[in-house]
Each structure stands twice: as C-alpha cells, then as structure tokens.
Amino acid sequence: MKSRQASRKLAYGFSFHEESLDEENFINDAKQQLESLPDFNPWQYIAEFDGPGINDGVDDLKADSNQKTNLSFDKGQKKEIQRFLKETKLYKSAIDGDFGKGTRRAISAWQKSNKFVETGQLTPKQYRVLLVQKQRSGPVEHLNLPKELRDFSKWNLSQADLRYPTSVKAAVKHRLELDDERERLRKLYAEGKIPESEVNRLWWQRYNAFPWWRDTMTRTLDNVYGAAPVFNRFWHFWINFYAVNVDACEGEFYGNYYLNIRKNMCGDFESLLFDAVWHPAMQEFLQNSESTGPNSRRAKHWRQKKKHKIAAINENLAREVLELFTLTPAAGYSQEDVNGVAYILTGWGQIWDDDTNERYFSIDPHEPGNHRVLGKTYKQSASRKLRALCADLAKDPRTALHIATKLSKHFIADNPPSEAIDFIADAYIKSKGDLIVIHQATVDAVLKYGDDHAKFLQPEIWYFQIHRAVGGYLPLRFDGKTDDQRSRQVNSTLSELGHLNCRTPQPNGWSDLAVDWLTPEMMDRRVRYVGQLANQLRRDKSFDPYLYAEKMFGEGSLDAQYVAGAPNYKSACIRLFCHPNFMRA
Amino acid sequence: MERRDFLKGTLGTLYMMASPNMAFPDTNPTEKRLLVVLLRGGMDGLASVPPLGDKNLSKIRKDILVNGANDLDGFFGINPSLRFLGSEYHKGRAAFVHATSFPYTGRSHFDGQNIMETGFEQAYAVTSGWVGRAMNAAGFSSLSVSLPIPIILRGNAVNSNYFPTNFQKAGKSIYTDVKKMWQNDPQLTGLLDPIIGRQMQHGGRGDTRELVSFAAKEMHKPDGPRVGLLEFEGFDTHALQGNEHGHHAEILAELDGVLEGFKREMGDLYDNTVVVTVTEFGRTASENGTQGTDHGWASAIFLAGGLVKGKQVISDWPGLGSKDLYEGRDLLMTIDARDVYAEVIKTVFDLDDEEITRQVFVGYRPEKSLGLMRST
C-alpha cells in the first residue's frame with residue numbers, strides 16, 4: 001500500500017496490471033530513475049498502440065499473413081527494410097534496394113522469428129510490426145515517427161509534423177523559416193493580393209507542426225506508458241518552474257526547450273538555470289533577446305546612423321531570474337541589482353544574428369564593462385558573466401530554500417512541514433546544488449513527511465494517473481490543419497480540464513495550491529471527463545474499476561466497497577477517479 | 001519586429017459575477033451593478049491617458065509616444081484607440097484617475113497582482129480578495145465566468161464559476177452521487193451544488209465579446225448577478241508596445257469595444273452601473289530598449305457607467321521630470337487606488353466607511369473623497 005501511495009505522490013500512479021513493489025524496492029527504483037537520464041523515445045508507443053489492429057492483438061496479425069495483399073515498396077523503403085534486416089543480423093548482402101533471393105530469405109527468417117507464416121513477402125500489418133521494431137531499435141535522438149508508419153495511423157497522424165527539434169540549431173532554423181513565411185504572407189496581404197482569411201488558412205497550413213500538440217503528446221505517451229514516471233514528474237516540475245508560454249515564445253522552440261531542461265536533470269542547478277535562461281524559448285518569452293545595452297556597439301551604431309531607436313535594457317527576464325528562479329523577493333534585492341542582471345543578460349538570445357556563439361550570444365547589443373549584482377562585481381568577459389552570475393545565484397542559500405520550498409509544495413503539501421523543506425534545502429546546500437541528490441532527497445522527504453492524501457493533484461497529474469491506470473485510451477487524434485480546440489486531442493482535453501501545461505498564464509507557472517483548482521466548473525469537468533472515458537472503457541471491457549479500487553484502497557476497505565457499490569459501470573469509474581482520495585495523493 | 005503580433009490573438013479573458021445571496025434575498029436590496037476589469041501585466045497609464053500638457057513626455061518617449069491623442073481636459077489626452085471611452089467621457093459618463101496605484105513599489109507582477117487582488121499592503125498576507133470581501137459584507141454570492149476563480153473574488157461564502165465546455169454533461173444521478181461522495185470532504189463539499197442547479201447550457205469557445213454580452217444579459221436579470229469581473233492579459237508591454245497603433249493600442253481597442261458592447265447589452269441598467277479598471281502597477285515613464293516599458297509604479301484607472309460623475313480626470317500630477325519620478329524612473333503615486341475603489345464599493349454595495357475599513361481594505365481608512373460618483 002505504501003508504495004502504491006508513493007507512486008501516486010511521486011509518479012503517475014500505477015497501471016491495472018502493474019505489480020506492487022514493496023516500499024524498499026519502490027524507493028530504490030524511484031532513485032534509480034533519477035540517477036541517469038532515462039531513454040526518451042515516446043514515438044515507440046505510437047508505433048505500438050496506434051494503427052490498425054490496436055486492440056486486435058497478435059492473433060489478428062497472424063491471420064493477416066494469410067491475406068494476399070502484398071505491398072509494393074519504392075527503392076528507398078526497400079533499402080530501409082534491408083538495413084533493418086541487416087541490423088538484426090538476418091540479412092548479410094548489400095543494401096541495394098533490390099529484393100532478391102537474399103532479401104526474401106531474410107524476410108522469411110524475420111517472419112519465422114515473429115511467428116508469421118514464412119512467405120518472403122511483407123503484408124501491410126507485418127510491415128507495420130517491422131517498422132515498430134525498427135523504431136524501437138533506432139537512436140533516441142531521432143525522435144520522429146517514420147513517415148511510413150504515420151500512414152498506418154488511425155489517429156490521422158500522417159498530417160501532423162512530428163519533427164522533434166533535438167538540436168537548438170535545427171529549432172532556430174525552422175523558426176527563422178517560419179518567420180520568412182509569415183513575412184511573405186504579410187506582404188501579400190499588405191499588397192492586397194490575398195484576404196485575411198487566406199493569410200490565416202495559408203499560415204495554418206504552413207504551421208501545421210503544432211509544436212505544442214506534439215510536445216504534450218510525447219510527454220503524455222511517456223508518462224502513461226514509459227518506464228521512468230518518477231523522473232518525468234520531476235521533469236514536469238522543472239518545466240513548470242521555468243515556465244514558458246507557447247503563445248509568447250514561438251512554439252518551435254518549445255520541444256527543444258523541454259529537452260534542454262530534461263538533459264540537465266542529472267547535473268546541477270547552476271547548469272539548469274543557465275541553460276534555461278539562455279535558451280531562445282525563455283529569451284523570447286521574457287523578451288530579453290532585444291534588450292540593448294545603452295553603451296553597446298549596437299547602441300553606438302544606432303546613434304551614428306541617427307536611428308530613431310532608444311538603446312536601453314528590458315529588465316523582464318532579469319527580474320524573474322532573481323524573483324522566480326533563484327532568490328525570491330524576500331531576499332530584498334534592489335532595482336540596481338535587477339539592472340545589473342539585465343546588463344549581464346544583454347546580448348543573449350540573438351537568433352537573428354549570424355555572428356553568435358552556439359548559445360546565441362552576440363557582443364553587439366551587450367552592455368560593456370563590469371556589472372554589479374548584490375554587491376559583487378562581475379568582471380568576466382562579456383559572454384562569461386551570465387554563467388558566473390548563475391553560479392553565484394545557485395550557491396546562495398536563499399535559492400536552496402526557494403527550490404526546497406517549491407519542491408515540497410509540489411510533492412508534499414500546500415503547507416509543507418518546515419522539516420521537509422529544511423531536509424531538501426540541506427541536501428541542496430551539502431551537495432552544492434546536485435539535482436540527483438536534491439531529487440532523491442525529495443523522494444525521501446515525500447516518504448517521510450508526506451501524509452496520505454495530503455496533496456490535491458493538479459489536473460494534468462490526475463489525468464495522466466487515470467490513463468496510466470486504465471492502460472492508455474488517450475485521445476491522440478490529430479485533426480489536421482486547424483487550431484480547433486474542440487477535437488479529441490490531449491491538448492484540448494487538458495485545456496478543458498484547466499491545465500494545458502504549455503499555456504501557463506504567467507511566468508510563475510501553474511499553481512501548486514489546491515485553492516487555485518477547486519472551483520465548481522473545474523470539478524464538473526473532471527466528472528464529465530471520467531463519464532466520457534467510462535463510455536469507452538465499458539465498450540472494451542478491459543478495465544475493472546472494482547479490482548482497481550481494491551489495489552488502490554486495499555482489499556475489503558471501505559473505499560473499495562464504496563466503488564463496488566456503484567449502481568453501474570460509469571458510476572463506478574466516477575466513484576473511483578473522482579474519489580477524494582484519488583484526486584489527492 | 002512585430003512578428004509575434006500579426007497572426008496571433010493576444011487576449012486571455014474571463015469574468016465573473018456576483019448574484020444576490022439566496023440565503024438573504026432581501027437583506028440589502030440594490031439595483032446597482034459593478035463591472036470590475038482586471039488589466040493584468042501592468043497597464044501603461046502614460047500611453048492610455050497621456051499627459052499631453054507635460055512637456056517631458058515627448059522627451060522620454062519616442063517609438064511609443066502616442067500621436068493624435070484626443071484632448072480630455074486641456075492637460076490629459078486619451079489614446080485614440082479608446083474611442084468609446086473618450087466619447088463617453090465627453091457625455092459625462094466616464095472619468096479617469098491618474099498617477100494612482102496601490103502603495104506597492106516592488107515591481108513584481110506576482111506580488112503586485114496579489115496586492116491588487118487582496119487589497120492588502122503586503123503580498124500573500126491573506127487569501128481573500130477585496131471584491132470578495134465586499135460582496136461578503138453586502139451579502140452576495142458570486143459566479144465567475146472562468147475556470148479558475150481569481151483571488152480578487154475569493155473570501156465570500158459561496159463562489160461559483162462557469163465557462164463553456166465541450167465535454168458531455170453527466171447525468172443528474174451522477175452529480176447527485178458525486179455530491180454525496182464529496183459531502184464530508186472539507187475542500188470538495190458543495191462544489192457541485194451550482195452545477196446541479198444550473199440552467200445554463202452555453203456551449204462555445206469563450207470568445208470575449210460573446211461572453212461579455214452573456215454576462216451583461218445575466219446581470220440584466222432582476223435576480224441576476226450584481227457584479228461582473230472581466231480580465232485582460234497582455235499589458236506587460238516590455239517590447240514593441242506600439243503607440244496609437246500596435247500591440248498596446250490593439251488591446252485598448254479590444255477593451256474599448258468590449259465595454260461598448262457591455263453598455264449596449266446593459267440597456268437602461270447601464271445608468272445604474274459602474275465599470276472600473278484595476279492593474280498591478282504602471283510602467284516606467286521612459287521607453288526601454290525594446291520599444292516598450294518596464295515595470296513601474298503609478299498608472300491610470302478608467303471609470304465608466306451612469307453612476308460615474310464623468311468628464312473629469314482626477315489627478316494630483318507629480319510630473320515627469322527625472323526628479324519628479326519615483327527612483328528617477330516611475331510615475332509617482334499621488335492618489336491611493338484604494339481611495340478610488342472604496343468610493344466605488346461604497347456606492348455600489350451601499351457600504352459605509354466603517355465597513356470598508358473593517359472588511360474590505362482592512363485597517364485602511366480612505367483619506368479623502370475624490371468625488372467620482374454621482375450622489376445616489
């Protein structure tokens with residue numbers, strides 16, 4: 001029972017079929033997840049669960065072998081198949097894109113090992129299984145769904161651009177291309193060549209990447225099916241800590257920004273802070289990218305050219321670096337300190353500049369000279385000051401206290417015991433901001449200080465826990481080239497539940513406090529959503545709310561009996577998922 | 001540079017209302033209505049109601065200097081995008097207060113918004129809001145047309161909210177079952193009551209003007225809500241603020257259009273209505289390096305409606321010279337915003353000074369009457 005509760009506090013709960021770990025094993029597993037970056041390849045779950053035969057099982061795939069519908073492949077596809085067969089050591093000849101005897105033999109061998117009838121010819125379903133296997137064995141960085149596999153999608157994914165920008169350079173490039181496209185449309189519109197409606201239509205057509213849709217979906221898949229849900233909860237915590245609204249920064253940066261944060265989670269707080277702050281997503285969200293030092297080269301250039309522009313800083317990001325990311329206003333910093341940070345930040349986020357370093361720092365708008373923050377003078381060279389500042393802010397015990405407080409409020413209680421905060425802050429200080437140590441200390445603090453059902457779950461966490469419990473049933477449909485929120489998508493569902501993560505209203509992220517979520521309308525949405533889901537679950541008969549309630553609340557417990565006493569299936573699902581003790585962890 | 005403004009909507013909007021508390025239907029009969037408009041992000045009073053008579057204005061602002069402002073009183077002008085409010089002003093149904101704010105100089109959105117909503121001098125001192133406490137004192141319950149219920153409305157006994165959804169409504173027996181399941185839970189009990197009793201079936205997407213007219217219609221009903229709350233985001237204009245055109249002007253025009261629609265829908269009842277704006281702080285007097293403005297202190301408050309003593313800009317103008325500015329950068333506060341809101345609350349909720357000090361702006365006694373309301 002204890003580990004079940006802990007998995008709900010620290011992860012996304014447990015699925016119906018998951019074996020219960022004893023407490024010690026749970027803690028070991030949780031801590032292990034936090035020790036090194038887990039694989040992140042959410043597309044494998046699309047490959048696995050989407051497409052024809054999603055609920056048909058292997059038997060159906062076997063039956064498919066008898067069908068005579070063979071596929072014709074182009075040369076490129078044939079090469080890919082040969083490459084896969086070679087990787088799996090079934091094929092030894094050249095990758096030439098010609099299906100000769102050798103290839104046929106290899107296909108037969110593959111069919112044999114997958115318990116299909118050996119014909120040497122791939123049927124559509126066999127091809128899909130092959131693609132799924134290929135996807136699983138592919139490198140983690142290539143977080144994309146093969147186009148061929150998308151064509152099998154029953155979720156209509158063939159229209160979705162699922163390119164996941166793992167490199168910031170690629171994300172910036174895509175972003176700049178979109179800028180050009182927008183300029184082109186704007187020009188056509190200004191010249192009266194196309195009406196506004198056409199601008200919008202063409203824009204959505206071009207912009208159908210829906211980056212936020214893709215990012216929500218991948219995180220959803222990994223939370224519901226993946227093997228590192230504890231790690232993912234901490235990831236979610238940091239995404240929200242360094243919140244960026246997809247509307248304000250270009251959605252293109254969003255996925256890369258998420259991965260950028262993720263990649264730092266086994267490092268230290270200083271690097272995480274630095275990497276969040278310089279990233280173009282944050283730079284644009286808090287508008288630092290166009291902040292200009294009054295004595296910078298750019299400012300001088302403007303003055304020489306008599307440009308009608310004021311060269312001055314924009315302190316938006318600087319203020320949040322001190323207020324939200326590190327010290328908090330309780331530290332009592334002054335306007336001069338905010339200005340000092342803003343001067344240090346000038347020059348970052350210059351994605352339009354050709355002459356930058358790999359983190360998009362350019363000397364052009366940077367305010368020259370030494371800058372003072374909190375009594376310390378930063379004398380480093382221009383592009384090194386920010387890192388030095390991050391190091392000092394990360395070292396500050398007030399930052400440790402802030403991080404510990406945020407973690408405790410997120411994982412333990414709205415008003416966490418001060419012992420819990422001290423415990424995590426202590427781990428922070430002793431480890432010098434080592435995030436593995438801090439995260440593991442949070443695990444210990446949750447088990448030590450977290451009372452049962454003390455924490456009201458945010459809609460997103462509640463939602464993922466339900467879907468992990470029922471083993472999927474995610475609304476992943478992609479409804480094409482429109483921003484319509486009404487379609488059945490994870491994004492629109494989370495939006496209706498009041499918690500679409502990428503649309504954080506303000507830079508302080510989504511609230512950890514129950515009082516901000518407990519409104520009649522938001523509670524009504526939860527009831528309605530489970531009602532809708534129950535209709536689906538009932539049809540498939542794959543989820544038993546009574547048995548799940550026993551696993552969750554204990555066999556024969558009052559709460560389990562209460563779920564069992566529901567007048568019908570739908571009611572039982574609602575009694576389970578809207579139970580006060582399911583909505584809390 | 002305006003790349004992000006062209007194709008995307010900028011407004012997040014929600015609003016809420018207070019209806020007479022059913023438990024005390026006749027304790028405080030009033031026909032008066034209030035619309036509170038939250039302008040989140042820190043509204044630039046110098047761009048919406050520019051002090052044309054201050055010669056420093058054009059020295060410290062260039063790209064964002066508002067051209068073609070319409071004259072109000074010989075000193076102040078009004079941004080041309082506030083067309084409706086400007087014309088209402090000259091008809092005597094709108095007024096402005098300038099160089100006003102809450103007494104908070106910390107320049108943090110989150111502390112500032114907490115103070116503007118709680119009405120306390122320290123952030124996070126209480127969890128209730130000044131409008132919520134005023135409604136409580138007057139015996140109103142509230143209905144918010146939004147998913148969350150902002151702090152400013154919290155603090156009265158019964159809060160409800162509404163926002164159109166596309167989820168299928170659950171059956172009555174389901175709601176009854178859940179209500180029973182939640183009845184002994186201190187946080188969840190009663191939360192579904194307003195849902196169960198609800199007649200409204202207003203599917204849709206939450207378009208601002210649609211919702212405003214819905215709110216106005218509800219407020220128009222004899223037993224309908226007395227207070228509405230409308231929320232605008234996007235006033236945090238650090239970059240590319242624009243002047244009489246561009247981002248800031250567009251949000252002002254959207255606000256202006258929404259208020260015009262509200263007046264139309266309110267009909268005769270508009271004579272008995274006050275519309276008042278609230279923002280967390282004003283912005284720096286000078287333009288910053290990204291054709292915008294940073295967090296400052298004092299701003300302007302807009303008032304409209306038949307209960308407002310219009311055609312006046314109330315201000316004790318501190319000036320824009322660098323020595324006049326707070327810390328050399330922000331417009332100084334010379335009128336405490338609580339004085340403005342206290343007058344509004346006293347008029348609409350029929351509360352007295354004592355109740356304001358005891359329950360609304362706790363411990364604060366407004367120093368002077370500003371004469372913003374018609375005598376009722």
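Domain bounds here come from an automatic or database domain assignment. On that basis, chain A is divided into domain 1 (51–152), domain 2 (281–395) and domain 3 (455–583). The centres of domain 2 of chain A and domain 3 of chain A, taken over C-alpha atoms, are separated by 43 Å.

This is a predicted model, in which local features need pLDDT of at least 70, side-chain atom pairs count only at pLDDT 80 or more, and totals for chains, interfaces and linings use all residues. Residues are numbered from 1 along each chain as its sequence is written, and chains are lettered from A and ligands numbered from 1 in the order in which they are written.

**The two chains**

Helices (H or I, at least four residues) and strands (E, at least two) are DSSP runs, numbered from the N terminus. Chain A has 29 helices and two strands, while chain B has twelve helices and twelve strands. A residue is buried if 20 or more other C-beta atoms lie within 10 Å of its own, exposed if 12 or fewer, and partly exposed in between, with C-beta atoms placed from the backbone. Two residues are in contact if their C-beta atoms, placed from the backbone, lie within 7 Å. The table gives values for each chain.

| Chain | Residues | Buried | Contacts joining residues at least 24 apart, among those at least 6 apart in sequence |
|---|---|---|---|
| Chain A | 585 residues | 51% | 68% |
| Chain B | 376 residues | 56% | 73% |

**Where the chains meet**

The contact between the chains takes 51 residues from chain A and 49 residues from chain B. On the side of chain A that touches chain B, the elements giving two or more residues are helix 9 (168–190), helix 17 (316–323), helix 25 (520–540) and helix 28 (569–577) of chain A. Helix 25 of chain A supplies the largest share of that side, eleven residues. Ala, Val, Leu, Ile, Met, Phe, Trp, Tyr, Cys and Pro count as nonpolar, Asp, Glu, Lys and Arg as charged, and the others, Gly among them, as polar. By this scheme the side of chain A that touches chain B has 19 nonpolar, 16 polar and 16 charged residues.

**Helix pairs in chain A**

Two packed helices are described by the angle between their axes and the distance between the axes. Axes are lines fitted to C-alpha atoms, for helices over the stretch in contact, and angles run from 0 to 180 degrees between N-to-C directions. Angles under 35 degrees count as roughly parallel, over 145 as roughly antiparallel, 65 to 115 as roughly perpendicular and the rest as oblique.

Helix 9 of chain A packs against helix 13 (residues 251–263) of chain A at an angle of about 170°, with axes 8 Å apart. Helix 9 of chain A is therefore roughly antiparallel to helix 13 of chain A. Residues of helix 9 of chain A in this contact include H174(A) and L178(A), and those of helix 13 of chain A include F253(A). The contact of these two helices has four nonpolar, two polar and two charged residues.

Helix 1 (residues 2–10) of chain A and helix 22 (residues 435–449) of chain A pack at about 130°, their axes 11 Å apart, so helix 1 of chain A and helix 22 of chain A are oblique to each other. A6(A), K9(A) and L10(A) in helix 1 of chain A meet V443(A), V446(A) and L447(A) in helix 22 of chain A.

I27(A), in helix 2 (residues 23–33) of chain A, is in contact with V443(A) and L447(A), leaving aside its neighbours within four places in sequence. I27(A) and L447(A) are 420 residues apart in sequence and 8.9 Å apart in space, C-alpha to C-alpha. I27(A) counts as buried because it has 20 C-beta neighbours inside 10 Å.
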